[in-house]
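Work through the exercises below with the structure in view. Try each task before reading its solution.

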Amino acid sequence: MNENVSIFLAGLASFVFSLSVFAAAPRVLSRLSKQYGRLSLEKSVQTDNEYNCLLLRHGVAGYLGYTIADVLMMMRHKSLFSKVFLVHHFVGTLCGLAGTMFTSVPWIMSTYLYYEASSPFVHLRFLLSNLGWKKTRLYTVNALLLMTVFFLCRVAIIPVYWRTVYLLYTDGSFPQIDAFVYYLMLYGRAFFDVLNVYWFSLMMKVFFEMFVWPNSASKKVN
């Protein structure tokens, strides 16, 4: 089969399947969420239109598929296996399921998707490193872009996120949040925040060794 045809069919299958899932979502949600089931017809339609954002849920579905595929690759290739990334992907899979199944707080998953803005720079860094281009200008520029995007999309939004969660708590919205989403919103996010701050601290350490204290870094190598 021509590769263009296969790609088109894969996209078409994903499109049809996604629409089928979204069409069945209101009935499924009414069984999974007691709060959703108590809504009046007018409010349920309003909720479906505003909270059931198809674009966001498509994005989350893409993230979920990538995460599961990456876990399979780690299981297949020992060189890719990492306990930290396995736990990371496990929590990420739960978040992906929450983003595709539930609609009580849609902005939760949108903040998780911000993380992926740094992924292209991460993959390019590994690629350049494996090709032996660590001392090139491209590698340095990519590293600076990675650090900047990583900070903006993973670290800088931490106080904004938790302030929003606090406001949800103070206005009494917690009981309206599905239990699965509620626990991920608190504990899953705390896990990712700690991990992201740790990874960013490692980036900052490399940055200072390369640009602020290059002499001390060379002494360690020697």
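**Exercise 1.** Is the crossing of helix 8 and helix 10 left-handed or right-handed?

Solution. The model is predicted, so local features need pLDDT of at least 70 and side-chain atom pairs count only at pLDDT 80 or more, while totals for chains, interfaces and linings use all residues. Residues are numbered from 1 along each chain as its sequence is written, and side-chain values use heavy atoms, without hydrogens and water.

Step 1. Locate the helices, which are DSSP runs of H or I with at least four residues, numbered from the N terminus (strands are runs of E with at least two). Helix 8 covers residues 137–155 and helix 10 covers residues 179–212.

Step 2. Compare the axes, lines fitted to C-alpha atoms over the stretch in contact, with angles from 0 to 180 degrees between N-to-C directions. The two axes come within 10 Å and cross at roughly 150 degrees.

Step 3. Apply the rule: left-handed if the near helix is turned anticlockwise from the far one by less than a right angle, right-handed if clockwise. The crossing of helix 8 and helix 10 is left-handed.

**Exercise 2.** Describe the residues where helix 8 meets helix 10.

Solution. Step 1. Look for contacts (heavy atoms within 4.5 Å). Residues of helix 8 including Leu144, Met147, Phe150 and Phe151 meet residues of helix 10, among them Trp199, Phe200, Met203 and Phe207.

Step 2. Sort the contact residues of both helices by type: 13 are nonpolar, 2 polar and 1 charged. Here Ala, Val, Leu, Ile, Met, Phe, Trp, Tyr, Cys and Pro count as nonpolar, Asp, Glu, Lys and Arg as charged, and the others, Gly among them, as polar.

**Exercise 3.** Classify Ser118, His89 and Trp133 as buried, partly exposed or exposed.

Solution. Step 1. Set the limits: buried is under 20% relative accessible area, exposed over 50%, and partly exposed in between (1.4 Å probe, protein chains only).

Step 2. Ser118 sits in the loop between helix 6 and helix 7. Its relative accessible area is 0%, so Ser118 is buried. Beyond neighbours within four places in sequence, Ser118 is in contact with Leu146, Val149, Phe150 and Arg154.

Step 3. His89 belongs to helix 5 and is buried because its relative accessible area is 5%. Its contacts, neighbours within four places left aside, are Thr67, Asp70, Val71 and Met74.

Step 4. Trp133 lies in the loop between helix 7 and helix 8. With 43% relative accessibility, Trp133 is partly exposed.
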